Amino acid sequence: IVTGLLVKRRRFVCISLFFGTGLALYLQANFLNGNMGLLNGTEVDWCASWGKVILNSGIWIACIAVPILLYHFAKKSWHEMLVVISIIVIGMQTAAVIFLAISVSTDDKEVQLTTDDIFTLSANENMIVFVLDTMDAKYFEDYVMNEEQSREVFKDFIYFNNTISGGAPTTYGLPILLTGSYYNGEPYSEYISNAYEKADLYYKLQKNNYDVRIYTENQFVSNKASEYLDNTYESKKIEVESPVALLKKLYQLVGYKYFPRILKNDFFIYSGEFEQFKSSEDFAPYVINDAAFIQKYREKGLTLFKNKNVFKLYHLHGAHPPYTLNEFGHSSDSETTVFRQIQGVFSMLYEYIDEMKRLGVYDKSTILIVADHGGIELYQNPMLLIKKKNMTKESLTITHAPVTFQNVLPTLSFEIDGENGENNKTLFEVN
(Lines give C-alpha, C1' and ligand atoms only; values in the text may rest on other atoms or scores of the structure.)
Protein backbone atom coordinates (compact mmCIF):
# COMPACT_ATOMS: atom_id res chain seq x y z
CA ILE A 1 0.00 0.00 0.00
CA VAL A 2 2.81 2.40 0.94
CA THR A 3 4.65 1.64 -2.31
CA GLY A 4 1.42 2.15 -4.27
CA LEU A 5 0.92 5.58 -2.68
CA LEU A 6 4.48 6.59 -3.58
CA VAL A 7 4.12 5.63 -7.27
CA LYS A 8 0.72 7.07 -8.08
CA ARG A 9 0.82 6.68 -11.85
CA ARG A 10 2.02 3.10 -11.76
CA ARG A 11 0.07 2.10 -8.67
CA PHE A 12 -1.77 -0.76 -10.32
CA VAL A 13 1.46 -2.11 -11.84
CA CYS A 14 2.86 -2.34 -8.29
CA ILE A 15 -0.32 -3.99 -7.07
CA SER A 16 -0.06 -6.53 -9.91
CA LEU A 17 3.62 -7.10 -9.09
CA PHE A 18 2.91 -7.67 -5.41
CA PHE A 19 -0.03 -9.92 -6.23
CA GLY A 20 2.09 -12.03 -8.60
CA THR A 21 4.86 -12.39 -6.01
CA GLY A 22 2.38 -13.23 -3.25
CA LEU A 23 0.68 -15.80 -5.46
CA ALA A 24 4.07 -17.40 -6.27
CA LEU A 25 4.92 -17.60 -2.54
CA TYR A 26 1.52 -19.16 -1.79
CA LEU A 27 1.82 -21.73 -4.59
CA GLN A 28 5.38 -22.59 -3.59
CA ALA A 29 4.54 -23.26 0.06
CA ASN A 30 1.34 -25.20 -0.57
CA PHE A 31 1.82 -27.00 -3.89
CA LEU A 32 5.32 -26.72 -5.38
CA ASN A 33 7.58 -27.97 -2.58
CA GLY A 34 6.45 -31.56 -2.73
CA ASN A 35 7.57 -33.74 0.19
CA MET A 36 9.97 -31.58 2.19
CA GLY A 37 10.62 -34.38 4.69
CA LEU A 38 11.45 -33.74 8.33
CA LEU A 39 13.60 -30.80 9.42
CA ASN A 40 15.82 -33.25 11.28
CA GLY A 41 19.18 -31.72 10.38
CA THR A 42 19.76 -33.76 7.22
CA GLU A 43 20.24 -31.21 4.46
CA VAL A 44 18.46 -31.56 1.11
CA ASP A 45 20.21 -30.24 -2.01
CA TRP A 46 17.34 -28.41 -3.68
CA CYS A 47 19.50 -27.58 -6.70
CA ALA A 48 20.58 -31.17 -7.37
CA SER A 49 18.06 -31.46 -10.22
CA TRP A 50 18.45 -28.47 -12.56
CA GLY A 51 15.39 -29.56 -14.51
CA LYS A 52 13.23 -29.03 -11.41
CA VAL A 53 15.01 -25.75 -10.63
CA ILE A 54 14.30 -24.42 -14.14
CA LEU A 55 10.64 -25.55 -14.03
CA ASN A 56 10.16 -24.03 -10.57
CA SER A 57 11.82 -20.76 -11.60
CA GLY A 58 9.65 -20.67 -14.74
CA ILE A 59 6.48 -20.89 -12.64
CA TRP A 60 7.73 -18.01 -10.48
CA ILE A 61 8.50 -15.86 -13.51
CA ALA A 62 5.05 -16.62 -14.95
CA CYS A 63 3.31 -15.77 -11.65
CA ILE A 64 5.04 -12.38 -11.54
CA ALA A 65 4.95 -11.53 -15.28
CA VAL A 66 1.39 -12.61 -16.20
CA PRO A 67 -0.41 -10.16 -13.81
CA ILE A 68 1.63 -7.25 -15.22
CA LEU A 69 0.84 -8.32 -18.81
CA LEU A 70 -2.85 -8.69 -17.94
CA TYR A 71 -2.78 -5.17 -16.50
CA HIS A 72 -1.50 -3.81 -19.81
CA PHE A 73 -3.75 -5.82 -22.16
CA ALA A 74 -6.95 -6.53 -20.18
CA LYS A 75 -7.05 -3.90 -17.47
CA LYS A 76 -10.76 -4.04 -16.59
CA SER A 77 -11.10 -7.83 -16.59
CA TRP A 78 -7.84 -8.19 -14.68
CA HIS A 79 -9.00 -5.80 -11.97
CA GLU A 80 -12.08 -7.95 -11.33
CA MET A 81 -10.07 -11.21 -11.43
CA LEU A 82 -7.48 -9.82 -9.02
CA VAL A 83 -10.13 -8.93 -6.44
CA VAL A 84 -11.85 -12.33 -6.68
CA ILE A 85 -8.62 -14.38 -6.52
CA SER A 86 -7.33 -12.29 -3.60
CA ILE A 87 -10.54 -12.84 -1.65
CA ILE A 88 -10.34 -16.61 -2.25
CA VAL A 89 -6.69 -16.84 -1.10
CA ILE A 90 -7.32 -14.62 1.95
CA GLY A 91 -10.36 -16.76 2.82
CA MET A 92 -8.27 -19.95 2.68
CA GLN A 93 -5.53 -18.39 4.85
CA THR A 94 -8.13 -17.15 7.36
CA ALA A 95 -9.64 -20.64 7.62
CA ALA A 96 -6.18 -22.07 8.28
CA VAL A 97 -5.52 -19.54 11.07
CA ILE A 98 -8.91 -20.29 12.69
CA PHE A 99 -8.16 -24.04 12.55
CA LEU A 100 -4.77 -23.49 14.23
CA ALA A 101 -6.34 -21.33 16.93
CA ILE A 102 -8.91 -24.03 17.70
CA SER A 103 -6.47 -26.96 17.64
CA VAL A 104 -3.69 -25.42 19.77
CA SER A 105 -3.30 -26.78 23.30
CA THR A 106 -5.06 -24.71 25.97
CA ASP A 107 -3.55 -26.38 29.03
CA ASP A 108 -2.72 -23.81 31.69
CA LYS A 109 0.33 -25.75 32.84
CA GLU A 110 2.60 -28.45 31.53
CA VAL A 111 5.63 -30.31 32.79
CA GLN A 112 8.97 -28.62 32.23
CA LEU A 113 12.14 -30.66 32.76
CA THR A 114 14.94 -28.82 34.53
CA THR A 115 18.71 -29.32 34.76
CA ASP A 116 18.66 -29.61 38.56
CA ASP A 117 21.36 -31.95 39.98
CA ILE A 118 22.25 -33.06 36.47
CA PHE A 119 25.64 -34.46 37.50
CA THR A 120 24.81 -35.68 41.00
CA LEU A 121 24.99 -39.44 41.57
CA SER A 122 24.42 -41.63 44.61
CA ALA A 123 27.10 -43.16 46.79
CA ASN A 124 24.79 -46.20 47.00
CA GLU A 125 23.25 -47.48 43.72
CA ASN A 126 22.88 -45.75 40.37
CA MET A 127 21.00 -46.47 37.16
CA ILE A 128 22.37 -44.29 34.34
CA VAL A 129 20.86 -44.23 30.84
CA PHE A 130 22.50 -42.32 27.97
CA VAL A 131 20.21 -41.96 24.93
CA LEU A 132 22.37 -40.97 21.96
CA ASP A 133 20.05 -39.74 19.23
CA THR A 134 20.34 -41.55 15.86
CA MET A 135 23.34 -43.63 17.05
CA ASP A 136 23.15 -46.52 14.62
CA ALA A 137 24.73 -49.86 15.54
CA LYS A 138 26.87 -49.63 12.40
CA TYR A 139 28.24 -46.26 13.56
CA PHE A 140 29.24 -47.84 16.86
CA GLU A 141 30.87 -50.82 15.14
CA ASP A 142 32.69 -48.74 12.52
CA TYR A 143 33.79 -45.75 14.60
CA VAL A 144 33.94 -46.79 18.26
CA MET A 145 33.93 -50.49 19.11
CA ASN A 146 37.42 -51.38 17.89
CA GLU A 147 39.25 -48.40 19.37
CA GLU A 148 41.67 -49.30 22.16
CA GLN A 149 40.12 -46.85 24.64
CA SER A 150 36.63 -48.13 23.83
CA ARG A 151 37.63 -51.75 24.42
CA GLU A 152 39.02 -50.83 27.83
CA VAL A 153 36.11 -48.62 28.96
CA PHE A 154 33.39 -51.00 27.73
CA LYS A 155 34.97 -54.33 28.74
CA ASP A 156 32.26 -54.92 31.38
CA PHE A 157 29.43 -54.18 28.93
CA ILE A 158 27.25 -56.39 26.74
CA TYR A 159 26.53 -55.20 23.19
CA PHE A 160 23.23 -56.22 21.58
CA ASN A 161 23.93 -55.97 17.84
CA ASN A 162 20.49 -57.14 16.68
CA THR A 163 18.21 -54.48 18.19
CA ILE A 164 15.21 -52.66 16.74
CA SER A 165 13.52 -49.70 18.40
CA GLY A 166 9.98 -50.20 17.09
CA GLY A 167 9.51 -46.49 16.51
CA ALA A 168 11.18 -43.68 14.62
CA PRO A 169 12.00 -40.85 14.49
CA THR A 170 12.60 -39.62 18.06
CA THR A 171 8.93 -38.63 18.52
CA TYR A 172 8.07 -42.36 18.62
CA GLY A 173 11.40 -44.04 19.39
CA LEU A 174 12.10 -42.27 22.68
CA PRO A 175 8.64 -42.84 24.26
CA ILE A 176 8.91 -46.58 23.50
CA LEU A 177 12.28 -46.59 25.22
CA LEU A 178 10.87 -44.66 28.21
CA THR A 179 7.60 -46.57 28.57
CA GLY A 180 7.74 -49.81 26.56
CA SER A 181 4.50 -48.90 24.73
CA TYR A 182 4.15 -48.65 20.95
CA TYR A 183 2.35 -45.76 19.26
CA ASN A 184 -0.84 -46.99 17.58
CA GLY A 185 -2.15 -43.84 15.89
CA GLU A 186 -4.08 -42.24 18.74
CA PRO A 187 -3.64 -38.51 19.55
CA TYR A 188 -0.02 -38.10 20.59
CA SER A 189 -0.68 -36.48 24.00
CA GLU A 190 -3.10 -39.32 24.79
CA TYR A 191 -0.46 -41.88 23.77
CA ILE A 192 2.20 -40.32 26.02
CA SER A 193 -0.16 -40.12 28.99
CA ASN A 194 -1.41 -43.72 28.68
CA ALA A 195 2.08 -45.09 28.02
CA TYR A 196 3.43 -43.81 31.34
CA GLU A 197 0.39 -45.12 33.21
CA LYS A 198 1.14 -48.62 31.89
CA ALA A 199 4.83 -48.46 32.86
CA ASP A 200 5.60 -49.80 36.34
CA LEU A 201 9.27 -48.72 36.41
CA TYR A 202 8.84 -45.17 37.72
CA TYR A 203 6.54 -46.22 40.57
CA LYS A 204 9.03 -48.94 41.43
CA LEU A 205 11.97 -46.53 41.41
CA GLN A 206 10.14 -44.20 43.78
CA LYS A 207 9.16 -47.10 46.02
CA ASN A 208 12.82 -48.20 46.23
CA ASN A 209 14.08 -44.77 47.31
CA TYR A 210 15.44 -43.59 43.95
CA ASP A 211 15.92 -39.97 43.00
CA VAL A 212 14.51 -40.05 39.44
CA ARG A 213 15.52 -37.45 36.85
CA ILE A 214 14.96 -37.52 33.08
CA TYR A 215 16.78 -34.96 30.95
CA THR A 216 15.06 -34.67 27.59
CA GLU A 217 12.48 -32.44 25.88
CA ASN A 218 9.34 -32.06 27.99
CA GLN A 219 7.07 -33.27 25.15
CA PHE A 220 8.24 -36.84 25.83
CA VAL A 221 7.08 -36.85 29.45
CA SER A 222 3.45 -36.74 30.56
CA ASN A 223 2.06 -34.58 33.34
CA LYS A 224 1.14 -37.80 35.15
CA ALA A 225 4.73 -39.05 35.03
CA SER A 226 5.95 -35.88 36.73
CA GLU A 227 4.68 -37.30 40.04
CA TYR A 228 7.61 -39.72 39.94
CA LEU A 229 10.28 -37.30 38.65
CA ASP A 230 12.47 -35.04 40.76
CA ASN A 231 13.52 -32.56 38.06
CA THR A 232 10.15 -31.20 36.95
CA TYR A 233 8.68 -27.74 37.23
CA GLU A 234 4.96 -27.33 36.55
CA SER A 235 4.70 -24.03 34.73
CA LYS A 236 3.97 -22.27 31.48
CA LYS A 237 6.63 -19.68 32.25
CA ILE A 238 8.95 -20.50 29.38
CA GLU A 239 10.40 -17.27 28.06
CA VAL A 240 12.40 -16.29 25.00
CA GLU A 241 16.05 -15.70 25.76
CA SER A 242 16.70 -13.57 22.65
CA PRO A 243 13.56 -12.29 20.82
CA VAL A 244 15.58 -10.79 17.94
CA ALA A 245 17.51 -14.02 17.34
CA LEU A 246 14.28 -16.03 17.53
CA LEU A 247 12.62 -13.68 15.03
CA LYS A 248 15.52 -14.19 12.59
CA LYS A 249 15.21 -17.95 12.98
CA LEU A 250 11.43 -17.81 12.42
CA TYR A 251 11.89 -15.83 9.20
CA GLN A 252 14.57 -18.29 8.10
CA LEU A 253 11.99 -21.05 8.55
CA VAL A 254 9.41 -19.03 6.58
CA GLY A 255 11.96 -18.44 3.82
CA TYR A 256 12.82 -22.13 3.65
CA LYS A 257 9.17 -23.01 3.10
CA TYR A 258 8.06 -20.17 0.83
CA PHE A 259 11.05 -19.24 -1.34
CA PRO A 260 11.71 -20.81 -4.76
CA ARG A 261 13.76 -23.97 -5.09
CA ILE A 262 16.86 -22.09 -6.31
CA LEU A 263 17.09 -20.20 -2.97
CA LYS A 264 16.13 -22.96 -0.51
CA ASN A 265 19.67 -24.17 0.21
CA ASP A 266 20.48 -20.75 1.69
CA PHE A 267 17.55 -20.97 4.12
CA PHE A 268 17.91 -24.56 5.33
CA ILE A 269 16.98 -24.92 9.01
CA TYR A 270 17.02 -27.64 11.67
CA SER A 271 13.90 -27.52 13.86
CA GLY A 272 15.94 -28.35 16.98
CA GLU A 273 17.60 -24.94 16.74
CA PHE A 274 14.53 -23.35 18.33
CA GLU A 275 15.25 -25.12 21.64
CA GLN A 276 18.23 -22.83 22.26
CA PHE A 277 15.90 -19.85 22.86
CA LYS A 278 14.13 -21.39 25.87
CA SER A 279 14.75 -19.68 29.21
CA SER A 280 13.02 -19.04 32.51
CA GLU A 281 13.63 -16.95 35.60
CA ASP A 282 12.19 -19.72 37.80
CA PHE A 283 14.26 -22.69 36.60
CA ALA A 284 16.85 -23.83 34.05
CA PRO A 285 15.05 -25.86 31.34
CA TYR A 286 16.93 -28.82 29.88
CA VAL A 287 17.88 -28.22 26.25
CA ILE A 288 19.53 -30.91 24.10
CA ASN A 289 22.88 -29.34 23.29
CA ASP A 290 25.84 -31.71 23.45
CA ALA A 291 28.56 -29.06 23.37
CA ALA A 292 26.97 -27.20 26.31
CA PHE A 293 26.32 -30.49 28.16
CA ILE A 294 29.95 -31.62 27.76
CA GLN A 295 31.34 -28.23 28.76
CA LYS A 296 29.14 -28.13 31.86
CA TYR A 297 30.17 -31.68 32.81
CA ARG A 298 33.87 -30.85 32.45
CA GLU A 299 33.46 -27.74 34.56
CA LYS A 300 31.43 -29.36 37.37
CA GLY A 301 32.29 -33.07 37.29
CA LEU A 302 30.27 -35.64 39.23
CA THR A 303 29.19 -35.20 42.83
CA LEU A 304 27.67 -37.71 45.25
CA PHE A 305 24.97 -37.76 47.91
CA LYS A 306 24.10 -40.58 50.28
CA ASN A 307 20.40 -40.36 51.16
CA LYS A 308 18.94 -41.94 47.98
CA ASN A 309 19.74 -44.15 45.03
CA VAL A 310 19.80 -42.39 41.64
CA PHE A 311 18.14 -42.97 38.28
CA LYS A 312 19.21 -40.62 35.49
CA LEU A 313 18.39 -40.55 31.79
CA TYR A 314 20.31 -38.16 29.54
CA HIS A 315 19.00 -37.52 26.02
CA LEU A 316 21.90 -36.23 23.89
CA HIS A 317 22.21 -35.18 20.25
CA GLY A 318 24.58 -38.11 19.63
CA ALA A 319 24.91 -38.91 15.92
CA HIS A 320 21.99 -36.70 14.87
CA PRO A 321 22.65 -34.18 12.09
CA PRO A 322 23.55 -31.36 11.68
CA TYR A 323 27.10 -32.25 12.66
CA THR A 324 28.39 -29.37 14.76
CA LEU A 325 30.60 -31.19 17.31
CA ASN A 326 34.30 -31.92 16.86
CA GLU A 327 36.21 -34.93 18.21
CA PHE A 328 37.03 -33.11 21.47
CA GLY A 329 33.37 -32.46 22.28
CA HIS A 330 33.54 -28.76 21.41
CA SER A 331 31.14 -26.86 19.16
CA SER A 332 32.59 -26.14 15.72
CA ASP A 333 32.00 -22.99 13.65
CA SER A 334 31.87 -25.10 10.48
CA GLU A 335 30.13 -28.40 9.85
CA THR A 336 32.09 -31.45 10.99
CA THR A 337 31.28 -35.11 10.18
CA VAL A 338 29.24 -37.86 11.80
CA PHE A 339 32.53 -39.57 12.72
CA ARG A 340 33.98 -36.53 14.50
CA GLN A 341 30.70 -35.81 16.28
CA ILE A 342 30.48 -39.39 17.57
CA GLN A 343 34.09 -39.17 18.75
CA GLY A 344 33.24 -35.98 20.65
CA VAL A 345 30.23 -37.54 22.40
CA PHE A 346 32.09 -40.73 23.33
CA SER A 347 35.07 -38.74 24.67
CA MET A 348 32.66 -37.39 27.29
CA LEU A 349 31.22 -40.87 28.00
CA TYR A 350 34.73 -42.21 28.64
CA GLU A 351 35.39 -39.37 31.07
CA TYR A 352 32.03 -39.89 32.82
CA ILE A 353 32.63 -43.63 33.33
CA ASP A 354 36.22 -43.09 34.47
CA GLU A 355 34.95 -40.53 37.00
CA MET A 356 32.40 -43.06 38.29
CA LYS A 357 35.26 -45.52 38.82
CA ARG A 358 37.33 -42.90 40.63
CA LEU A 359 34.41 -42.11 42.96
CA GLY A 360 33.87 -45.80 43.68
CA VAL A 361 30.30 -46.02 42.33
CA TYR A 362 30.93 -47.77 38.98
CA ASP A 363 30.56 -51.36 40.23
CA LYS A 364 27.29 -50.53 42.05
CA SER A 365 25.79 -48.94 38.92
CA THR A 366 23.73 -50.14 35.98
CA ILE A 367 24.75 -48.23 32.84
CA LEU A 368 22.75 -48.33 29.60
CA ILE A 369 23.99 -46.58 26.45
CA VAL A 370 21.37 -46.72 23.72
CA ALA A 371 20.11 -44.90 20.63
CA ASP A 372 16.48 -43.85 20.28
CA HIS A 373 16.48 -45.24 16.72
CA GLY A 374 18.93 -46.08 13.96
CA GLY A 375 20.68 -43.62 11.69
CA ILE A 376 20.99 -45.49 8.40
CA GLU A 377 17.56 -47.12 8.37
CA LEU A 378 15.61 -45.38 11.10
CA TYR A 379 13.82 -48.37 12.62
CA GLN A 380 16.65 -50.84 12.24
CA ASN A 381 19.61 -51.42 14.52
CA PRO A 382 19.95 -48.69 17.13
CA MET A 383 23.06 -49.18 19.27
CA LEU A 384 22.42 -50.84 22.66
CA LEU A 385 25.13 -51.36 25.30
CA ILE A 386 24.47 -52.33 28.91
CA LYS A 387 26.49 -53.02 32.04
CA LYS A 388 24.67 -54.61 34.94
CA LYS A 389 25.66 -53.67 38.48
CA ASN A 390 28.44 -55.79 40.00
CA MET A 391 29.36 -57.11 36.54
CA THR A 392 33.07 -57.58 35.85
CA LYS A 393 34.40 -59.12 32.63
CA GLU A 394 37.60 -59.33 30.62
CA SER A 395 36.22 -57.87 27.37
CA LEU A 396 33.09 -56.57 25.64
CA THR A 397 30.54 -59.33 25.04
CA ILE A 398 28.55 -59.32 21.79
CA THR A 399 25.15 -61.01 21.60
CA HIS A 400 22.92 -61.55 18.55
CA ALA A 401 19.67 -61.90 20.56
CA PRO A 402 16.83 -60.19 18.60
CA VAL A 403 15.68 -57.60 21.15
CA THR A 404 13.48 -54.52 21.00
CA PHE A 405 12.98 -51.46 23.19
CA GLN A 406 10.11 -53.32 24.88
CA ASN A 407 12.78 -55.42 26.61
CA VAL A 408 14.55 -52.38 28.10
CA LEU A 409 12.13 -51.44 30.92
CA PRO A 410 11.87 -55.04 32.16
CA THR A 411 15.68 -55.15 32.33
CA LEU A 412 15.89 -51.95 34.35
CA SER A 413 13.05 -53.15 36.57
CA PHE A 414 14.89 -56.41 37.29
CA GLU A 415 18.08 -54.51 38.12
CA ILE A 416 16.30 -52.65 40.94
CA ASP A 417 15.20 -55.59 43.08
CA GLY A 418 15.60 -58.81 41.10
CA GLU A 419 11.96 -58.82 39.98
CA ASN A 420 10.48 -57.91 36.60
CA GLY A 421 7.50 -55.60 37.11
CA GLU A 422 6.82 -55.07 33.40
CA ASN A 423 4.87 -57.18 30.88
CA ASN A 424 7.77 -58.22 28.63
CA LYS A 425 10.99 -60.22 28.86
CA THR A 426 14.26 -58.65 29.97
CA LEU A 427 17.05 -58.25 27.40
CA PHE A 428 18.77 -61.31 28.89
CA GLU A 429 15.69 -63.55 28.63
CA VAL A 430 15.52 -63.23 24.83
CA ASN A 431 17.15 -66.26 23.15
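Let's start in helix H7, which covers residues 170-179 and holds Gly-173. Keep in mind that this is a predicted model. Gly-173 counts as buried because its relative accessible area is 0%, and the cut-off for buried is under 20%. Leaving aside residues up to four places away in sequence, Gly-173 touches Gly-167, Ala-168, Asp-372 and Phe-405. For a sense of distance, pick out Asn-423: Gly-173 and Asn-423 sit 250 residues apart in sequence, while their C-alpha atoms are 19 Å apart in space.

Ala-168 is joined to Pro-169 by a cis peptide bond, with omega at about 0°. Pro-169 belongs to the loop between strand E5 (163-164) and H7. Another cis bond runs from Pro-321 to Pro-322, again with omega near 0°. Look for Pro-322 in the loop between strand E11 (309-316) and helix H13 (338-359). Why point these out? Most peptide bonds are trans, and most residues other than glycine have a negative phi.

Asp-117 isn't a glycine, yet its phi is positive, at about 50°. You'll find Asp-117 in the loop between strand E1 (111-113) and strand E2 (120-122), where it is partly exposed, with a relative accessible area of 40%. Asn-390 also has a positive phi, near 60°, and is a residue other than glycine. Its loop is the one between strand E13 (384-387) and strand E14 (397-399). Asn-390 is exposed, because its relative accessible area is 60% and the cut-off for exposed is over 50%.

Now for the surface. Trp-50, Ile-54, Ile-262 and Leu-263 make up a nonpolar patch there, with about 410 Å² of accessible area together. Helix H3 (50-73) and helix H11 (261-264) each contribute at least two residues to the patch. Ile-54, which lies in helix H3, is exposed, with a relative accessible area of 59%.

Is Lys-264 buried or exposed? Lys-264 is buried, yet it has no salt bridge: Asp-266, the nearest side chain of opposite charge, is 12 Å away. What does lie 2.6 Å from a polar atom of the Lys-264 side chain? That is the backbone oxygen of Tyr-256. Tyr-256 is also among the residues that Lys-264 touches, others including Gln-28, Asn-33, Met-36 and Trp-46, with residues up to four places away in sequence not counted.

Technical notes
Residues numbered from 1 in each chain as written. Predicted model: local features only at pLDDT ≥ 70, side-chain atom pairs only at ≥ 80, totals over all residues. Heavy atoms only, no water. Patch = residues over 30% accessible without salt bridge, like charges linked within 9 Å, V, L, I, M, F, W, Y side chains within 5 Å. Areas by Shrake-Rupley, 256 points an atom, 1.4 Å probe, with all protein chains shown as cover. Salt bridge = Lys/Arg side-chain N within 4 Å of Asp/Glu carboxyl O. Helix = DSSP H or I, 4+ residues; strand = E, 2+ residues; numbered from the N terminus. Buried < 20%, exposed > 50% of the residue type's maximum accessible area, 1.4 Å probe, protein only. Lys, Arg positive; Asp, Glu negative; His and termini not counted. Polar contact = N/O pair within 3.5 Å; in protein donor to acceptor, adjacent residues only side chain to side chain. Contact = heavy atoms within 4.5 Å.
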